[in-house]
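Please brief me on this structure. Keep it short and group the points by topic.

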Amino acid sequence: MSAPATARARSSRGISTEGRTPEELRDLVSHWGAELELAPAEVIIEWAAATFGERFCITSSMGDAVLAHLAQKVVPGVDVVFLDTGYHFVETIGTRDAVAATMDVNLITISPVQTVADQDAEHGPELYKRDPDLCCALRKVKPLADGLARYDAWATGLRRAETHNRVIAPVIGWDAKKQKVKVSPIARWSDEQVDRYIAENGVLVNPLVYDGYPSIGCAPCTRRVAPGEDPRSGRWAGTNKTECGIHS
């Protein structure tokens, strides 16, 4: 049975499915990873929604709403998980609110256990300057892992064209740390494909993208990027850090 046919036959949004064991999830990755490698993004999302039901979600950092837009067409009401670190630009929060207001998705915001003030009291102010890895662990990695606990599979907007570290990102992969299936429907998309999809579908884009921020993270750790610079050079500028830890 093809992936689209499987999805139609097992459409299960609205019906809670029992969680699978890590072994069962890895078997799904082994079987479907190669099968879906060259499939269109919509087919990949359709397969994930049909396979995992309510134990599937997508995540978005709200740099744009491409993945949310794709998902809502295939799985209306899909859970879209957004991680509010407490350090976001106001434009990022505004993009999240616009997605919630205009798209057929269930927007879920998760936050770290500690507020920024609580973290400052325990670790000292501006931890992101002194130990950015710890700050990301506390405000990104751990909260996201906790927020994804109820899911067996999560979809990301990860693309191979973004950085050298992501060139081997599989469309359907196994996240050993989270013990979950990691789905990257647009992993094979080029920058040009993303831009074309946005233009053709009027997709919401964080306004900072048009103000010199092609890669948007927490405000204290993100700067504008000059023309010709690597798009991700504005993240943790002046350090050797290139990833927050969510995708590593």
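Which residue takes a positive phi in the hairpin of strand 5 and strand 6? Glutamine 179 does, with phi near 60°, and the hairpin has four residues between the strands. This is a predicted model, in which local features need pLDDT of at least 70, side-chain atom pairs count only at pLDDT 80 or more, and totals for chains, interfaces and linings use all residues. Residues are numbered from 1 along each chain as its sequence is written, and side-chain values use heavy atoms, with hydrogens and water left out.

**The chain overall**

- The chain has nine helices and six strands. Both kinds of element are DSSP runs numbered from the N terminus: helices are H or I with at least four residues, strands are E with at least two.
- Of the 248 residues, 48% count as buried. Buried means under 20% relative accessible area, exposed means over 50%, and partly exposed lies in between (1.4 Å probe, protein chains only).
- Take the contacts between residues at least 6 apart in sequence: 70% of them join residues at least 24 apart. A contact means heavy atoms within 4.5 Å.

- Strand 2 covers residues 78–83, and six of its six residues are buried.
- Both of its faces are covered. Val78, Val80 and Phe82 lie on one side, with Asp79, Val81 and Leu83 on the other.
- Strand 1 (residues 56–59) runs parallel to strand 2, joined by two bridges. Two strands pair if DSSP finds at least two bridges between them.
- Threonine 59 has valine 81 in strand 2 as its bridge partner. From strand 1 the chain crosses through helix 4 (residues 66–74) to strand 2, in a right-handed β-α-β crossover. Right-handed means that, with the strands pointing away from the viewer, the path from the first strand over the helix to the second runs clockwise.
- Strand 2 also pairs with strand 3 (residues 105–110), in the parallel sense and over six bridges. Phenylalanine 82 stands opposite threonine 109 there. The chain crosses from strand 2 to strand 3 through helix 5 (residues 90–102), and this β-α-β crossover is right-handed.

**Loop between strand 1 and helix 4**

- Serine 60 sits in this loop. Its relative accessibility is 13%, so serine 60 counts as buried.
- Serine 60 touches Val80, Val81 and Phe82, leaving aside residues up to four places away in sequence.
- The side chain of serine 60 reaches the backbone nitrogen of methionine 62 at 3.1 Å.
- Methionine 62 is not a glycine, yet has a positive phi of about 65°. Most residues other than glycine have a negative phi.
- Methionine 62 counts as buried because its relative accessibility is 1%.

**Strands 5 and 6**

- Strand 5 (residues 172–175) and strand 6 (residues 180–183) run antiparallel, joined by four bridges. Isoleucine 172 stands opposite valine 183.
- Valine 181 belongs to strand 6. Its relative accessible area is 0%, so valine 181 is buried.
- Valine 181 and leucine 28 are 153 residues apart in sequence, but 8.4 Å apart in space, C-alpha to C-alpha.
- Valine 181 touches several residues, including Leu25, Val29, Phe52 and Trp154.

**Aromatic pairs**

- There are five aromatic pairs. Rings of Phe, Tyr and Trp (its six-membered ring) pair if their centres lie within 6.5 Å; planes under 30 degrees apart count as stacked, over 60 as edge-to-face and the rest as tilted.
- Tryptophan 47 and phenylalanine 52 form an edge-to-face pair, 5.6 Å centre to centre with 90° between the planes. Both residues are buried.
- Phenylalanine 89 and tyrosine 213 have ring centres 5.5 Å apart and planes at 65°, so this pair is edge-to-face. The two residues are 124 residues apart: phenylalanine 89 in the loop between strand 2 and helix 5, tyrosine 213 in the segment after helix 9 (191–201). Both are buried.
- Ring pairs link Trp32, Trp47 and Phe52 into a cluster.

Conventions
A polar contact is a pair of N or O atoms within 3.5 Å; within protein, one must be able to donate a hydrogen and the other to accept it, and residues adjacent in sequence count only if both atoms are side-chain atoms.
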